Structure formats: structure tokens, C-alpha cells
Amino acid sequence: MPWRSNWTPLTRRRVADMKAIAIVLAAASAAAALPAFAQADLGASVEVATDERRRGISWSDGELSPAASVSLGMPSGFDVSARVTGTRGDPRHGGADAVFDMTGGFSRDIGGGLRLDGFVTGHLFAGAAERLDYVEVGLGASYALGPAEVGIDARYAPDQNAIGGDNLWFGARARVGVPATPFTLNAEIGHSTGSVDDWRRAARLRPGGDYTDWSLGVDHITGPVTLGLTYTGTDIEQVVDSPFANGRHTGDKVTARLAINF
């Protein structure tokens, strides 16, 4: 089937520039963290989900997925975090057993309820049959008023062999806490597009070409414990014939999650 894409491939020079920017951001985040380490805000969590869904598609072959994370936030606004998530041998990631998400970022409240965020994340896959690690950068802006928050986000992975081209996801989100209850409602819609150098590997992040995803969820938060239900869906109608597409897990699904924060 023809591959749908509205993007043209980046030049090698632009790709090198993007990777250099990602390295600089990560280095700056680490450097800024050192003097403020004593005042850092350390957090951790463990959780389990009935399926690890990202941008509407499964990253755990539709199976139960455990995860653990640790984060370090600095008064300067810089933060670093690490998360490991079980991928259960998902063909999407070459049969990897787990993915390690290593992130360095920066956030700033600019007043009036507005907040800006930026980060760089390396996705490292353990147990994959081949080298499938990749890097992406992200920007976001949000506005909070009382228990409600709305935001827009963009995630961009420069042209890399592991994903068969480049990939851009952009979306909008909303969250509101129901007054006098432990419930929080959330919703998100996004769109993925990009260029294609290798259609087999590009199917990892876009199984049927460019597509739109959405989600609706509710969280019950009591102290450090969060219980959540989320419905996710996509407009993917047919996946390409690639071992990385894993078309069995690209449709509508309701998942449950239990998380404990420390």
C-alpha cells in the first residue's frame, strides 16, 4: 500500500544540527543540576498497566506492562529522569524486553498560569534483536486555572536509522480535577507524520503512515496511589506489511493502570 506522508527527508546537515542541539540540551541540563543538587526534589514511582500505550499504539504487544521511574528536579527548573518499562518482546521494537527512557528537561512558569517545557529523551531498548534506540526532543506549553489545565505539545525525532526516517507528533491535551472528589478527567488528541527512508522501520512509530490518535481517561488519586482507566483510539485502518508494524495492537482499547508514587 502507498505510504502517506506530507514531509520531505531532512538533509544530513540539518539532521546533524538537530542531534547537536539535543546533545547540548542534555549537557546543559546535567551541568545546571550540579550546584543545586543539595536542594533537588527527588521522586520515584512504580506502576503496572494492562497495556503500555503510547500515541494510541501498544508498546508491550498488548500485554501487562510493569514500570518504574525516578526523577530529580532542580530549583533552577532543570530536571532529569529515568524510566524503565516492560515491552514484553513486542515486535514493534525488535522483540525488546524493556525500554529505558532517559530524559533531561527544563520547565519555567512565566506567570498568569502559563508554563513552558522542553526536553530531550533517549529511548534505549534492551533485548532487541537489532539496534533500535532513538532520540527525540519535545516542547510544550500549558495554561492552568484552578483545577483545570490545557496544553499543546510537539515531539520530534530527527532522521534516524532506527525509525526509518524522521517523526513528528503534535497534539493538544486537557485535564480537570473534579472538585471535592479524588477524580481527575483527562483527554488528548495528536497527529503523527514524518519522512520515510526505510518503510519497514518507519512502521514502528507510524504503522499505517500518517495517523491521528486520541484518548479519554479518568484517574482516582488518593495520597500516593493512582488508579486509572484510559480509552485510546486511532484512525489507522490498514498497517503496512512490516514486522515492526504489529497491526494487532493499533486499534481502540481500554487500559487500566495502578501507580504508587514516593
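Colleague: What should I know about the model before we start?

Modeller: It's a predicted model, where local features need pLDDT of at least 70, side-chain atom pairs count only at pLDDT 80 or more, and totals for chains, interfaces and linings use all residues. Residues are numbered from 1 along each chain as its sequence is written, and side-chain values use heavy atoms, with hydrogens and water left out.

Colleague: How many helices and strands are there in the protein?

Modeller: Two helices and 14 strands. Both are DSSP runs numbered from the N terminus: helices are H or I with at least four residues, strands are E with at least two.

Colleague: What makes tryptophan 59 buried?

Modeller: Its relative accessible area is 4%. Buried means under 20%, exposed over 50%, and partly exposed in between (1.4 Å probe, protein chains only), so tryptophan 59 counts as buried. In the protein, buried residues make up 43% of the 262 residues.

Colleague: And why is phenylalanine 106 called partly exposed?

Modeller: Because phenylalanine 106 has a relative accessible area of 26%, and that falls in the in-between class.

Colleague: What is in the largest nonpolar core?

Modeller: That core has twelve residues, among them Trp59, Phe125, Tyr134 and Ile236. The term covers buried Ala, Val, Leu, Ile, Met, Phe, Trp, Tyr and Cys residues joined through side-chain atoms within 4.5 Å. Take isoleucine 236: it is buried, at a relative accessible area of 13%, and it lies in the loop between β13 and β14 (253–261). Contact means heavy atoms within 4.5 Å, and leaving aside neighbours within four places in sequence, isoleucine 236 is in contact with Ile57, Pro207, Gly208, Tyr211 and Thr250.

Colleague: How many aromatic pairs does the structure hold?

Modeller: Three. One of them is tryptophan 59 with phenylalanine 125, at 5.9 Å centre to centre and 45 degrees between the planes.

Colleague: Why is that pair of tryptophan 59 and phenylalanine 125 called tilted?

Modeller: Rings of Phe, Tyr and Trp (its six-membered ring) pair if their centres lie within 6.5 Å; planes under 30 degrees apart are stacked, over 60 edge-to-face, and the rest tilted. The 5.9 Å distance passes and the 45 degrees falls between the two limits, so tilted it is. The pair links distant parts of the chain, with tryptophan 59 in the loop between β3 (57–58) and β4 (65–73) and phenylalanine 125 in strand β7 (residues 114–126), 66 residues apart. Phenylalanine 125 is buried too, at 10%.

Colleague: What makes phenylalanine 78 and phenylalanine 106 a tilted pair?

Modeller: Their ring centres are 4.7 Å apart and their planes are at 55 degrees, so the pair is tilted. Phenylalanine 78 sits in strand β5 (residues 78–90) and phenylalanine 106 in strand β6 (residues 96–111), so this pair ties together parts 28 residues apart in sequence.

Colleague: How do you know that a charge sits over the ring of phenylalanine 125?

Modeller: The charged end of arginine 204 is 4.9 Å from the ring centre. The rule asks for NZ of Lys or CZ of Arg within 6 Å of the centre and within 35 degrees of the ring normal.

Colleague: What makes the link between arginine 53 and aspartate 51 a polar contact?

Modeller: Their side chains come to 3.0 Å. A polar contact is a pair of N or O atoms within 3.5 Å; within protein, one must be able to donate a hydrogen and the other to accept it, and residues adjacent in sequence count only if both atoms are side-chain atoms. The arginine 53 side chain also reaches the backbone oxygen of glycine 56 at 3.1 Å. Arginine 53 lies in strand β2 (residues 53–54) and is buried, at 17%.

Colleague: How do you know that β11 and β12 pair?

Modeller: Two strands pair if DSSP finds at least two bridges between them. Ten bridges join β11 (residues 183–193) to β12 (residues 211–222), running antiparallel, so they pass. One example is threonine 184, whose bridge partner in β12 is aspartate 219. Aspartate 219 counts as buried at 13%, and its side chain makes a polar contact with that of asparagine 186 (3.5 Å).
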